[in-house]
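Let's work out together how the words used for a structure follow from numbers. Have a look at the model first, and then we will go through it by question.

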2 protein chains.
Amino acid sequence: MNKKGLAILMRTRMKPSIVADSTKISGNFINNDVSKMLVNSEGNKNSNEPRKHNSVGKFSALENHQRGFELVRESMHSAITMNKTEVLDTILNKFSEGYYDLSIEDRCKLVLVLAKDYDLNRIHVRDLIKQYLGLQLPADGVEDEGLLSTFYRTERNLRHALQPNYEVLFERLNTHPGGLKFLCVLRADILSILEEHNIPSLRALDSYLKEKLITWLSPAALELHQITWDDPASLLEKIVAYEAVHPISSLLDLKRRLGVGRRCFGYLHPAIPGEPLIFIEIALLKDVAQTIQEVLWDDPPMSEYDATCALFYSISSTQPGLAGINLGKFLIKRVIELVKKDMPQINTFATLSPIPGFMKWLLAKLASQSKLAEAANSDSTCSSEEPAASAFRENVLTVEEEKELLEAARDSMSGRNGMEVMLNLLTSPNHEWSESDQISVILKRILMRLCARYLLQEKKRGKALDPVANFHLQNGAMVERLNWMADKTEKGLSQSGGIMVNYIYRLNDIEENAHSYLSSGRINAALDLQRLVERT
Amino acid sequence: MNKKGLAILMRTRMKPSIVADSTKISGNFINNDVSKMLVNSEGNKNSNEPRKHNSVGKFSALENHQRGFELVRESMHSAITMNKTEVLDTILNKFSEGYYDLSIEDRCKLVLVLAKDYDLNRIHVRDLIKQYLGLQLPADGVEDEGLLSTFYRTERNLRHALQPNYEVLFERLNTHPGGLKFLCVLRADILSILEEHNIPSLRALDSYLKEKLITWLSPAALELHQITWDDPASLLEKIVAYEAVHPISSLLDLKRRLGVGRRCFGYLHPAIPGEPLIFIEIALLKDVAQTIQEVLWDDPPMSEYDATCALFYSISSTQPGLAGINLGKFLIKRVIELVKKDMPQINTFATLSPIPGFMKWLLAKLASQSKLAEAANSDSTCSSEEPAASAFRENVLTVEEEKELLEAARDSMSGRNGMEVMLNLLTSPNHEWSESDQISVILKRILMRLCARYLLQEKKRGKALDPVANFHLQNGAMVERLNWMADKTEKGLSQSGGIMVNYIYRLNDIEENAHSYLSSGRINAALDLQRLVERT
């Protein structure tokens, strides 16, 4: 090792180790906070206690803090500019470890430094562009050796010059042990910083890193792994921690999901061992399930030989830093191929999916529309209705629905109109509405219709508003069926009034569906659902 | 599947299957030729027999041939322009299978089409550049939202526009099963086409594909695998086929190289299973071996516990298409780490390497210099020596060496000067010089000195002329020792007069050596060797 490298090592060793090792395994802010709380509660003399007791201690703690940040910043700079491989490994380690130790504020500061100070060199780009424009476009069919050579060379140089300097950091981290995982954490941080500081340089950093991650996480680089009860506990623990759709309640629950009549597949990357980036849970059933209860608590399980349907009932991504990178699409495609090969008798591939955005959308709609309706009512008494407001007005309910609703809820719930009554019913504590047969029979018809409308018609930038719907539709599924009281858990009732949806993957239509959805926003749905929507 | 996709499939199915399946596993021209010979000798009615018998048959064979090429060309076009994933897989298969079936000439034609017709769109690039130049450079420290947004967007667009259209084909193949292997074959083809058609567009295609391959074959994506006798025969077969340095003579020889006191490690990529991209063979020894005989035929092997040296005696790349991509550097580094961890008593990491370019260089030097010397001699009799010729003249031998040589060879070999005598000796049939004690004693001194000069001083563009020397020096090794009669095989005597060299990897110096070699061409060598060179 050379002197410069040694100096860097020495300097880094002198750094006070403020946060205990436990934070180093933390992947994101939340875990980091938890770890810090743990460390703090055990009492960490170096950093926290002095702060409370005297101003001298406080000053030195602040100083240490500032120095810690500067050291990480310096190691980041070296990681981008250094050229010696051996020292580089050390620097990349120091940088990533240092970064994990930083507070949220310091991570934010550092990410902004990266976005702005390690951007591309615009002066250099302009110089190359001028050179390039000085060249004569070669005529078609003429192969002028020298001229073409210059063209290709200048184009390559320009292409390279247009890569920001942080490209080097990303490339180096990608080939560094633990680096890909670090980049996922970094992107998760960037995304959460973007929520508060949505500035162009940060957006450019994010989109560049995202492009890189897409290349590195290409399906060819991922390994499809069937997760079973024989897998290491350290991996199964991840499944429990990251299951985002239907939380795993116990070891028994987990064992059941990996046992007879069930499958679980994950995508692993060789550089992030023992931690699937995304995983999917499957139930092998006779028919497409209508409620999640059937899937999670069918006891004893049916024989796999009788199964004709593979039901995807949960798909969870473990890396917030991979947001917007659709690994699920390839996972589903490969899993379908695998299951079909293993069990040719299975001919239906469907999901039983939550509708996470339905209630949020509906409650907002009811609130705003009921207000507009009231305003219009009071205005109409003075006969001076504003046309602007009326343009946005719609009665979410049909006349009949409103009548039924007001009738049924007369004793239990008040409201100035049907929409307000419905709003009050749906937001009443403990989802009382779902306990009353009389109310829920009426709400069922209304909610099912509005849910179909939400899934099939409500869009954002031409795509389905509901994120899960958007996910399956862009993968080529179609909306098959809505299921009433399919998820009676607190979460299910709050998110979607207990409704769940079956999307179906018909192998022959997948490509056509995906294409027409992505190009024109067309949502393919079963006839029943289309009729439901038209029923207004 | 949609109609267009179906049409493409149908059309491809109608293609006559000229070459049997056996060619599909072939990786490069040579194998392909062999396979075709096999197929031809078995008699293929469709394509070959009619050609010999009548002109109508000949015409239709030619037509078929032309059509075959056009179909591959069309599938290449679809592979670049298509947007439907399912159809895409089929097209990529058809394209790569079709490509493997093409003749050398047709592959060449197709590669030229790819290089020229799927280059970047220069008109589009110019448009974007004009847009870009119209933007005002943002002042330092000023964060003008809108302006910066436009900047980043235009830069990204320009970056994308500067990517040639064949980028799409490479990216798609990389994520396609078998595609990475195909890209390696494609690059091997490009490299061999470049030897005859060294044109700018082809060079640009090659350098772009090389950049891509470097990214995809980053060490993080490669798996280090210890190859043992327990590995599948299909993998071991590859080791036998690709061992480039010391051919494996028998199964017993192979078993020995994987047995006690020996190690073999390979780098595998998940997308090219069962076929290491590069592998290295190691002997665990007491001392740094001086001859390859000791390494290949030590019987019985010594105990591994007594070993203090790990000797790299062979490193072979299996993919001609990865030329210029240094995977060996990372392989050696990781193998050293692994061996050190497993066997801490091993403290010397050395090679026993061939010097493949030595004789070629020396014979050319002797021939040209002996001619120049003779010309000068005859000129000097007319006393009109040309200064231009004399500037290139040197006596390769010292006065003493020349005297000894002429003396010793008086009876066996003639020549007008020492250099010509030496040239004649070295090129005599069956390396007779090596059989004569008297001659070889004298040649030893001369050849060892000139070999040291060749390794330490002969450069090409600032790098060692010898490719193996260049490889180890850029990895950070130093030249340690020359070994006389270290490889007495026909190949060893022809390439390097039987001399082999030990390069040494000293862990503490690797980075410094690599850096000073790569930046200034400095070659680090043992003192003995440096003195040998100065002995002129």
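Q: Which residues make helix α6(A) meet α11(A)?
A: From α6(A) come A:Leu112, A:Leu114, A:Ala115 and A:Lys116, and they meet A:Ser201, A:Leu202 and A:Leu205 of α11(A). Two residues are in contact if their C-beta atoms, placed from the backbone, lie within 7 Å. Helices here are DSSP runs of H or I with at least four residues, strands are E runs of at least two, and both are numbered from the N terminus. By class, this contact has 5 nonpolar, 1 polar and 1 charged residues. Nonpolar covers Ala, Val, Leu, Ile, Met, Phe, Trp, Tyr, Cys and Pro; charged covers Asp, Glu, Lys and Arg; the others, Gly among them, are polar.

Q: What kind of model is this, and how are its parts numbered?
A: This is a predicted model, in which local features need pLDDT of at least 70 and side-chain atom pairs count only at pLDDT 80 or more, while totals for chains, interfaces and linings use all residues. Residues are numbered from 1 along each chain as its sequence is written, and chains are lettered from A and ligands numbered from 1 in the order in which they are written.

Q: Why are α6(A) and α11(A) called roughly perpendicular?
A: Their axes cross at roughly 90 degrees and come within 9 Å. Angles of 65 to 115 degrees count as roughly perpendicular (under 35 is roughly parallel, over 145 roughly antiparallel, the rest oblique). The two helices are therefore roughly perpendicular to each other. Axes are lines fitted to C-alpha atoms, for helices over the stretch in contact, and angles run from 0 to 180 degrees between N-to-C directions.

Q: What makes α6(A) roughly perpendicular to α10(A)?
A: Helix α6 (residues 104–117) of chain A packs against helix α10 (residues 179–196) of chain A at about 95 degrees, with the axes 10 Å apart. That angle makes α6(A) roughly perpendicular to α10(A). Here A:Arg107, A:Cys108 and A:Val111 in α6(A) meet A:Asp189, A:Ile190 and A:Ile193 in α10(A). The contact has 4 nonpolar, no polar and 2 charged residues.

Q: How do you know that the two copies are related as by a two-fold rotation axis?
A: A rotation of 180 degrees with 0.0 Å of shift along its axis superposes chain A on chain B, with an RMSD of 0.1 Å. The copies are thus related as by a two-fold rotation axis. In chain A, the C-alpha of A:Arg159 is nearest the axis, 2.9 Å from it. The superposition is by least squares on the C-alpha atoms of residues with pLDDT of at least 70 in both copies.

Q: What makes β1 and β8 of chain A edge strands?
A: The open sheet has 7 strands in the order β1-β2-β3-β4-β5-β9-β8 (chain A), with mixed pairing. Strands β1 (223–226) and β8 (478–483) each pair on one side only. Two strands pair if DSSP finds at least two bridges between them.

Q: Where does pLDDT stay under 50 in chain A?
A: Over residues 1–55. pLDDT is the predictor's confidence in each residue, from 0 to 100, and chain A averages 84. Where pLDDT is low, the predicted coordinates should not be read in detail.
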